[in-house]
Amino acid sequence: MLIPREVQDFDTLDFCATINITPEALRKRFADMKDKRLNPGYSTYTPQRLIAQLSVEDYGRLQEKLYRFPGFFIQKRILRQYKHQTAANVLGNIREVSQTDIDRDNYYAPGDYTGDLGVEKSYEPYLRGVKGVEILMRDARGRIQGRYEDGANDIAPIAGRDLRLSLDIKLQQYAESLMVGKRGAVVAIEPSTGEILCMVSMPTYNPALLVGRQRGTNYKMLTQDDSWPLFDRALMAAYPPGSTFKPTQGLIFLEEGIINLSTAYPCSHGYISGGLRVGCHSHGSPLPLKPALQTSCNAFFCWGLKGMIDKRSKYGASDKAFEVWKNHLVSMGYGYKLGVDLPGESRGFIPNAKFYDKFYSKGHWSANTIISVAIGQGEILATPLQIANLSATIANRGYFITPHVVKQIKDTVMSEDAFELRRPTIAAHWYDDIAEGMRMAVTGGTCRRAAIPGIEVCGKTGTAQNPHGPDHSAFMGFAPYHDSKIAVAVYVENGGWGATYGVPIGCLVMEKYLTGTISPEHKAMEEQMLKSSIYYAPAKKK
C-alpha cells in the first residue's frame, strides 16, 4: 500500500527487485491507480493499493527494506485457507469486487472481496460481517495526527458469522474419489432433514487454486478447461433421468386410478402400439407395478401413460390429462428449482400441454406421440439434485424438506420456512408400494449390485439415452428400507447401463456413510470404481 503524498524519491530498480516486478509493470500499476475510470476513489491523501497478495518471499524481503521507501506500507488481509482439497463447487470462492458490485451495493469499496459461487455467494451477507469506522485527524499535508476525539465516534467492526454445513467431509472425499476419471455427479441427502451429506460434481478442482496472487491465472485456466470444472453438474446440469423417473410414473398412475397393484401390462420385448415400438430387455410378462419396478420394464410405464393421457372419459382430452400428469410431477420437485441454498440451480424441464400444442397443434397429439416421457426420455430433463430429492421423498413415504447445505448460522435463528415439510399431490400410502418395488429391484432385479450386507437397500437404475454419444449411467436409492438415513443419486455421463457405474457408486456411498467402512464383499467393486475412467470426446465437426 502507499499514500501518494507521502511517497518520496526512491530507488525504483531496488524496489522492483525486492518485490519481483519489472519497472514497466510498476509504472503501469501507478498509471492504473491514478486512472479515475479504474479507481474512482483515488486521492493523494488516502491509502492506495499498489500490489495485492504478496508472496511470502516478497513480503519477507520488503519487510527488511521498507524503511528505504517512505510512504509505502504493508497492510495485512485475511485470506481463505482450505483444510481439505474437496467440495470446491459447494464452497465456492471469493473474488475482488467489480465496479458493478460497488454500484449495486454501497457496502463495498474498491479492493473489497465478495463471494463468488457456492456458499460463499449465497451466504455473502452473513459471511462478510459489518465494517467498522475509524475517524482520523490529518494535518494540512495529509499526515495522520491521531484519532478524532480519541475514537469516541469510531464504530467497531462486527465479524462475519460462522456457518455450519451439513456436508459429511469424509463422505464427500470418498464420493469424489469414486468419481475421479468420470464426468457426472453424486448427491446424498439425509431424508428426514433435507440436509445434503455430499454433493459431488466431476471433474472438480482444488479450491485453493482460487486464492492468492495466482487466482486470475488459475481462474482463466479453469474456464478454458473443456471438462468444465467450474460447472456444478449436481445442480446445474439437466439430464434425461431415464428409468430413475419410473417411480414418479407409478405414483401418478396409482393416485389417478389408472392402475391398481394388480394391473398387469404385457411386454413383448418392449411396448408395441400400432406401428410404434419402445424396446425393452427380456423378463417375465405380463407384469404388475412392483415387478415392473424390479425389472425396470419400459412397456409397463408406456402402457400406463397411454392409459392416462388417452382416457377421455375421465379427462376429456389429452392436453387436460397431460396437465394433471405434469402438475403431479411439479409437486414432486420436477420442472422448477427446488430452492437449494446454492446459486445457479437449474429447473430441469417438464413440458406442459402448450409445449406439445405448439409442435403438433392442439388436439393432434396423444400418448403415443410423446410416449418416451413415460420412461424419463424425450423432453424430460432433471438435475441429479432433483433425482436425489425424489429418492428422499420415497424414503420418507411422501414428503421432503428442501435440500440445503447450511444447517446452522452462528447467533442467527434460521427461518422455519427453510425446513418446512413439502408434500406432493400423491397420497402417502402409495409410497410404501413404490419403496417395496425398489426393494425388490435390489433383492432380485436390476439393482442387485446395490445390496449391502446387513442393510435393507432400495434402489432404481437408470440408463439414459444420449443422442450425442454413449448412454448415461444413473442410479437412485436409499437405505435402510425403514427409517432411512441416506438417499442418493448418481449420474455418470457416458457410463452405459445404470448397473455399470451408477449402482456400484451409489452402493459404496451408502455403505460408507452407514457403516464407516466397505465390506470385504465390495472391496473388488470399490477398487474397480476407484480405478475406472471414462472419457468420451464427441467427434468434432469438419
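**Terms and values**

Analyst: G216 is partly exposed, its relative accessible area being 49%. The model is a predicted one, in which local features need pLDDT of at least 70, side-chain atom pairs count only at pLDDT 80 or more, and totals for chains, interfaces and linings use all residues. Residues are numbered from 1 along each chain as its sequence is written, and side-chain values use heavy atoms, with hydrogens and water left out.

User: Why is G216 called partly exposed?

Analyst: Buried means under 20% relative accessible area and exposed over 50%, with partly exposed in between (1.4 Å probe, protein chains only). The 49% of G216 lies between these limits, so the residue is partly exposed. G216 belongs to helix 9; helices (H or I, at least four residues) and strands (E, at least two) are DSSP runs, numbered from the N terminus.

User: What makes R215 count as buried?

Analyst: R215, also in helix 9, has 15% relative accessibility and therefore counts as buried. Contact means heavy atoms within 4.5 Å. Not counting residues up to four places away in sequence, R215 touches N93, I94, R95, D116, L209 and L210.

User: How do you know that the side chain of R215 makes a polar contact with that of N93?

Analyst: A polar contact is a pair of N or O atoms within 3.5 Å; within protein, one must be able to donate a hydrogen and the other to accept it, and residues adjacent in sequence count only if both atoms are side-chain atoms. The R215–N93 side-chain pair, at 2.6 Å, meets this definition. The side chains of R215 and D116 are likewise joined by a polar contact, of 3.5 Å.

User: What shows that the buried residues of helix 9 line one face?

Analyst: In helix 9 (residues 215-224), the buried residues are R215, N218 and L222. Viewed down the helix axis, they fall within an arc of 70°, so they line one face; the arc is that of the directions from the helix axis to the C-beta atoms. Exposed residues T217, K220 and Q224 are carried on the face turned away from the buried side. Strand 1 (93-96) and strand 2 (113-116) are among the elements covering the buried residues.

User: Why does the disulfide count come to 0?

Analyst: A disulfide is a pair of cysteine sulfur atoms within 2.5 Å, and by this rule the count is 0. C198 is in no disulfide, the nearest cysteine sulfur, that of C507, being 14 Å away. C198 is buried, with a relative accessible area of 0%.

User: What makes a set of residues a nonpolar core?

Analyst: Such a core is a set of buried Ala, Val, Leu, Ile, Met, Phe, Trp, Tyr and Cys residues joined through side-chain atoms within 4.5 Å. The largest has 87 residues, and those with the most contacts inside it include W325 and I394. A second, separate core of 35 residues includes M202, I455, I486 and L508.

User: What makes the backbone at D483 and P480 worth a remark?

Analyst: Most residues other than glycine have a negative phi, and most peptide bonds are trans. D483, which is not a glycine, has a positive phi near 55°. D483 lies in the loop between strand 14 and strand 15 and, at 58% relative accessibility, counts as exposed. P480 is found in the loop between strand 14 (472-479) and strand 15 (486-492), and the bond joining A479 and P480 is cis, with omega about -10°.
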